[in-house]
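Good morning, colleagues. I would like to take a few minutes of this meeting to go through one structure with you.

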Amino acid sequence: MHRDTPRVVIVGAGIAGITMAVNLRNKLHHDNFVIYEKAGSIGGTWRENTYPGCGSDIPGHWYCLSTEPNPYWENYYITQPEIRAYWEGIHRKYDLASRTVFNTRVKLVEWDEETGVHNLTLEDVTSGQITQTQAEAVIQAVGFFTTPMYPEIPGLDKFTGPLWHSSQWRHDVDLKGMSVGVIGNGCSATQFLPVIAAEPTTQVINFCRTPQWIAMRLNYHYPEWAKWAFAHVPFLLYAYRSFTMITGDLLWNIFLANSPISTVFKKILTSYMRRTAPAKYHDNLIPTYPPGCKRLILDSDYLAALHKPNVDLNWTGIQEIVEDGIVLKTGDKVPLDAIILGTGFSLTERDVVFRGIGGHTLKHYFESEGGYYGTAFPGFPNLFTIVGPNSASAHASLIFIIETQVSYILKLMKPIIDDKAKSLEVSQKATTYYNTWIQKRMANTIFFSCFSYYRGDNRTGAKNVATFPGMVSLYWWIMRKPRWDDFKVVGGEQWFYQRRKVALMNYALVGLVVPIVGYNFSILWKLVLGLKERLLSG
């Protein structure tokens with residue numbers, strides 16, 4: 001492999017890809033990498049989703065890099081334009097434009113056992129030209145919320161008016177005076193519906209299938225003195241971010257089955273929803289499954305918008321979509337001028353094919369078996385994923401997860417970058433053991449109490465493929481250093497032997513120091529007792 005060929009390829013220039021690139025430069029001091037991005041700009045999820053009201057449901061000071069805090073966030077919860085601008089700033093600061101190839105789709109990543117490198121097939125999305133390249137290591141950094149999920153409703157292609165998914169917002173369509181059907185009531189729909197309903201001439205009919213738990217969103221504006229203090233008072237922003245993280249991570253307890261905290265939380269949410277939503281919708285609006293089974297929604301004035309005369313909820317069920325509207329299961333037709341799909345994303349679908357040893361593809365691990373720490377997979381040497389199976393969080397910052405995984409991947413990649421090893425591959429035994437542990441912990445949670453995208457929207461098997469069953473601090477703890485015995489090292493046997501030798505010497509040193517310290521402590525304790533007896537007798 002020629003040294004002028006990038007040794008590391010990062011697939012995707014979203015949050016995960018940028019974080020990986022920044023840390024490759026800062027921590028490994030490695031600059032021989034390239035980021036391939038299928039779009040014409042960076043941002044991933046926060047580039048694709050530009051619908052009105054789009055924003056994060058995680059506090060802004062926890063939804064940024066720990067190494068690049070932003071003291072100047074305007075509000076507790078930050079918006080899509082702010083988030084995208086932040087990551088564009090990071091991309092510029094570290095001059096990643098020189099390492100980013102836009103409008104280039106990675107179609108295939110295939111491991112070559114003979115040469116020990118990945119062969120990549122690339123497509124120029126503007127010209128359609130296909131090219132080939134190679135890399136020693138590949139980082140799969142394509143995010144969760146990039147592949148729209150379309151509902152399986154007959155006639156979806158028959159509608160003659162404008163119809164689009166929320167992640168592909170039609171900013172050219174003026175909804176004034178229109179009758180608009182919104183299909184779905186998840187996070188995206190509950191954010192954009194209040195915004196489009198603010199125009200009184202827009203009639204909004206929200207077609208819902210399943211009720212969602214909706215919590216109060218306590219947003220507030222940071223005064224100028226607070227932003228100044230965050231920027232200038234030493235350690236203040238760090239302390240505030242840490243407090244936000246600790247209190248946020250404690251929310252994990254609501255996901256435990258039969259938890260008293262979950263019971264109390266359910267009562268709080270029920271009270272809020274009854275207080276805020278119109279009484280006529282209470283029976284349909286409030287779920288029976290435990291809070292957190294589906295992603296918890298923070299209320300962006302969605303419940304208040306239901307009081308508006310131009311907003312209506314419909315729980316009848318959709319039979320089909322026709323040229324000029326939606327036909328319900330009762331046979332009634334609802335005439336519509338536009339339809340917006342707020343139906344979320346597919347967490348298991350990726351438009352990149354990864355092929356490992358023996359021709360096996362990565363899709364199997366994403367859909368069913370799971371990976372090793374959501375980062376490595378048997379049969380896929382030198383391939384690492386960010387936000388892989390069972391690594392996301394239902395309650396905490398995805399940025400924290402990404403930083404944890406990036407730090408772990410760098411430790412695995414270091415011997416490869418330093419030419420101390422040719423390849424690393426996690427064993428099947430270690431992967432099976434880890435996933436058995438994951439599913440055992442998952443059995444004690446509420447995630448199997450309903451259908452959700454956490455399960456890949458899988459209605460035939462109860463398996464959560466998305467979230468880590470625990471606090472993110474636990475995830476950080478188990479990933480703080482690699483278990484090298486779980487990996488097969490090729491071309492680095494001497495390096496691996498030296499690591500084991502050092503580890504054994506450290507264990508031996510500890511074994512030697514402990515008895516010496518214990519012996520000295522016992523002598524000191526005897527002296528203390530003797531001195532005590534003399535003082536008492538004297």
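This is a predicted model: local features need pLDDT of at least 70, side-chain atom pairs count only at pLDDT 80 or more; totals for chains, interfaces and linings use all residues.

Residues are numbered from 1 along each chain as its sequence is written, and side-chain values use heavy atoms, with hydrogens and water left out.

Let me begin with helix 11. Helices here are DSSP runs of H or I with at least four residues, and strands are runs of E with at least two, both numbered from the N terminus. Helix 11 covers residues 398–417, and its 20 residues reach 27 Å from the first C-alpha to the last, close to the 28 Å expected at 1.5 Å a residue; that expected span is 1.5 Å times one less than the number of residues. At Lys411 helix 11 bends by about 30°, and Pro415 follows within four residues. The bend is the angle between axes fitted to the seven residues ending at a position and the seven starting there.

How much of helix 11 is buried? Of its 20 residues, 16 are buried, so helix 11 is largely enclosed by the rest of the structure. Buried means under 20% relative accessible area, exposed over 50%, and partly exposed in between, with a 1.4 Å probe and protein chains only.

Gly55 stands opposite Thr79 of strand 4.

I turn now to the cysteines. A disulfide is a pair of cysteine sulfur atoms within 2.5 Å, and by this rule the count comes to one. The disulfide joins Cys293 to Cys450, with an S to S distance of 2.0 Å. Cys293 lies in the loop between helix 8 and strand 14, and Cys450 in the loop between helix 12 and helix 13, so the pair ties together parts that are 157 residues apart in sequence. The link is left-handed, with -120° about the S-S bond. Cys293 counts as buried at 0% relative accessibility, and Cys450 counts as buried at 10%.

Key
Two strands pair if DSSP finds at least two bridges between them.
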